[in-house]
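Me: I would like to learn how to read strands and helices in a model like this one. Could we go through it together?

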Amino acid sequence: MSTGSTAQSTAHPAFTPVRRQTIESLNITVEQFEHKKTGAMHYHLAAENSENVFLVALRTVPQDSTGVAHILEHTALCGSERYPVRDPFFMMLRRSLNTFMNAFTSSDWTAYPFASQNRKDFDNLLDVYLDAVFFSRLDPLDFAQEGHRVEFAEPDNADSELVFKGVVFNEMKGAMSSVTSVLWNTLCEKLFPTTTYHYNSGGEPEHIPDLSYEQLKAFYRSHYHPSNAIFMTFGDIPAEQHQAVFETRALQRFERLDECIRVPPEQRIATPIRATAAYACDESGPMQKKTHIVIGWLLGESSDLEQLLEAQLLASVLLDNSASPLQHALETTSLGQAPSPLCGLEDSMREMVFCCGVEGSEAEHADALEAMVLQVLEQVATDGVGHDRMEAVLHQLELHQREITGDGYPYGLQLILQALGCATHYSDPIAVLDLEPVIARLRSRIEEPDYIRQLARRLLLDNPHRVTLVLTPDTELSARRTAAEAKRLAGIKAGMDAAARAQVVQLAAELAQRQQRIDDANILPKVELSDVPASLPELAYEESKPRGVGITTYGQGTNGIVYQQVLAPLPALTEEQLPVLPLYTQIMTELGVGAGNYLEAQHRQAATVGSINAFSSMRGAVDDEQAVRGHLVLSSKALLRNTESQARLMRDTLETVRFDEHDRIRELISQQRARRDQSITGNGHGLAMAAACAGMSGLASLNHELSGLAGIRSLRALDDSLRDEQSLAEFAGKLADLHRKVLAMPRQLLLVAEDHRIAEVAAIAAQTWADEQQAADAERFSLAPRRERRAELWLTNTQVNFCARAYPTVPVQHADAAALSVLGGFLRNGFLHRSIREQGGAYGGGASQDSSIAAFRFYSYRDPRLARTLADFDAAVSWMLDNRHEYSALEEAVLGVIGSLDKPSSPAGEAKQHFHNRLFGRSHDQREQFRQRILDVSLEDLRRVAETYLRPELASTAVITGSGQREATAALCEELQLSVEEL
């Protein structure tokens, strides 16, 4: 329900109130204003929430794949009129208590958001962001660093080979190593022949060097203007106060721009298209079952709420879960290994795209897959789907509308991003936030049996704007690209006279000099340690044991959603059972329950809960990382009215899950393999750190063996083995054996709901679990201690590298854990950011202490280098020990750790985090003690722990590089005694 008016919005004199609407389901009031002089729009989401959020977005519509919008996003943050320092964005990261700071380039907008709970900090960041966006210096050296440049392999030797360098250039080499990214960009190229979506807004590596500095400046002048800007804010700071800053700091200096930047509708094609393309596959071995086949349809306007919700309804009916008709067909077909990661509705562009398909296929299956998909759609258009299935879909939409998130991005930012698309296309962003009236209209429409049939026919079957894309692996594509790049560079060099070569040498020298320059950070505003809150807030909770069931309850502002968890300590596991554990937890909620098969269980879940999933949670003790404990957790969320059926579903799932659906188990393992394979290039630094840390403790080893690179390799082998029926039956038996062990362990419940309903929820849960027989406490999970050095080089399908080095340290209760935590940020801020990102060209790099496994880790992300990055890790330690350091640098590193400790989560997320901390001995007092130790860290502490723990003879190393780099890395492997591992 919502109410609308314009009467109560108070605006700054430079702004005109347009309207005001309260959205009760979100507990916000949305106010819209227009800047009188420039026409800039301001949408304020007023909420009783102290985590205030700001975002300014510019419509950016590139007409090529040079990455101009993306490179501009990077370069704009490298110094501005009022803050003429080299790197204000990263410098403010260190001088702030922000809960979020970033910048995004989408396909048709670029946004600059931040969030903070501290008003002084919010005001500081707002000043810096406004100046960066509207008065950026765009120094040509920053363009060379962040975008692209040519440089000699030996920067001061004009006789050495030329190379391309640049942060975005390397970032996009990494991004386009992802097959999913190649698949999506190629599909968009075919679906959108004439508009901006035809191009890769992030930039294609082979086209990025085509962008000139003059083109960058021209794009900035035409796009970064208030008339093309959308301002959005969220929180308890009044709109009028925001507008006063917007006006004085930026808007008063601009006149209205007549040009209107917008994305035109795509020209519709009359008949479906079949397209083929290739992706680089550098892995050795057979290329069978590595083809992707996807079918994409161009639908209607995403900013038309009616069209959006209809498309979402149809997509959910077809693909929501394994019982949905199209998802079921894609999961069970022999034409592919798993449904494509692109399956679903993409509604972030002006016109929506519906996509489905498979991966792990063969090119010759394209006709059969297309026929199968169209047959499923024809069946839905002819027979419809059950009314209960459509009710379940609306139930999911309603729950999604109500849920207060914030465990990843701040909640206010998620609402802003939800509304931004419509604002970008000059439509109504308020309507897309207020879904309840539309859900009510859809609920009445689904009473008409023909409604979903007509949707399937109108949106898909009778829609000729359809592309079937076949993407095949090419083992020689990387080599051809490398050769083409080398030829291009050779041509550039051949065309250079002595003056041009000298200019390249001079640019490298000027850039290196600029990167070494120490700017006056005091130009920038900052918060200080005196601005840090004295303590962390403590959450209220209650523990009880009604009917013999141990229950912990938290009353939190969950907006009518109930969160339930049932927990059991993990039992002692054999060496053979350990690798089964993550697969067991992933599979548990995907199988049949009781007498029902998995399709019936999926439908029951969709009608009852927003999600239900199982996972294992393990941590070392606060004073001994080798003393590992673990719990199995079954978790769900549901609308309050479904509390009883939610609790019953959880109990039925835990106690009567079936492990006799062998074909389903095989499908799930195959799907899991596909997902894990896709994760490598996006999380390469995490995987490299896990490999480097694998010798630090039993838990660190298990992380690598189960969810790291070793786990991916084991999963591939398991998937291959399950084609044999006997092996499949044996694996199902292992799952069942593990489950019997879990059932023998005692249980407890965690419940989170609105404060005034939590007692009612607890009574329902107690009743549901009342007759449970409390198990005798069997032997509990533990891991053998481990402390050994590792040295590995992993070969996989990537165009960039990921480097990690790790040292054994101490657990969180140890007095040195605080100093090591601060040391990570200190090394990143003072040395690693400059050496690895600015000079080395990697997209990211840093260091951190992980007290749960007692390890200190260095890492790089999407890195063009290997040996020199590893040398920079060592050089960072020397820099720490050999130089005198300023207190201000220590203060910045301490602020970074405190900001991460104090970062808020969603109401439910905070309760769950608090409970699980206590479960593993991280009490409120323990966390307060650690926080105080962080505040007390001195420069001498940093020097001492670096000298004590970061010793060369203790280091473990792991790097991930491309499969084609085996010969090129042979010398490095010999020097560092790295064992070569292949995925």
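Me: In what order do the six strands of the open sheet stand?

Reply: A word on the source comes first: this is a predicted model, in which local features need pLDDT of at least 70, side-chain atom pairs count only at pLDDT 80 or more, and totals for chains, interfaces and linings use all residues. Residues are numbered from 1 along each chain as its sequence is written, and side-chain values use heavy atoms, with hydrogens and water left out. Strands (E, at least two residues) and helices (H or I, at least four) are DSSP runs numbered from the N terminus, and two strands pair if DSSP finds at least two bridges between them. Here the order is E26-E27-E25-E28-E24-E29, with mixed pairing.

Me: Which strands stand at the edges?

Reply: They are E26 (844–850) and E29 (979–982); each has a single partner strand, so one side of each is left without a neighbour in the sheet. E26 pairs with E27 (residues 855–863) in the antiparallel sense over seven bridges, and Gly845 has Ser860 in E27 as its bridge partner.

Me: How should I read two packed helices, such as H12 and H15?

Reply: Two packed helices are described by the angle between their axes and the distance between the axes. Axes are lines fitted to C-alpha atoms, for helices over the stretch in contact (heavy atoms within 4.5 Å), and angles run from 0 to 180 degrees between N-to-C directions. The axes of H12 (residues 387–402) and H15 (residues 436–445) come within 11 Å and cross at roughly 175 degrees, which makes H12 roughly antiparallel (over 145 degrees) to H15.

How values were computed: Angles under 35 degrees count as roughly parallel, over 145 as roughly antiparallel, 65 to 115 as roughly perpendicular and the rest as oblique.
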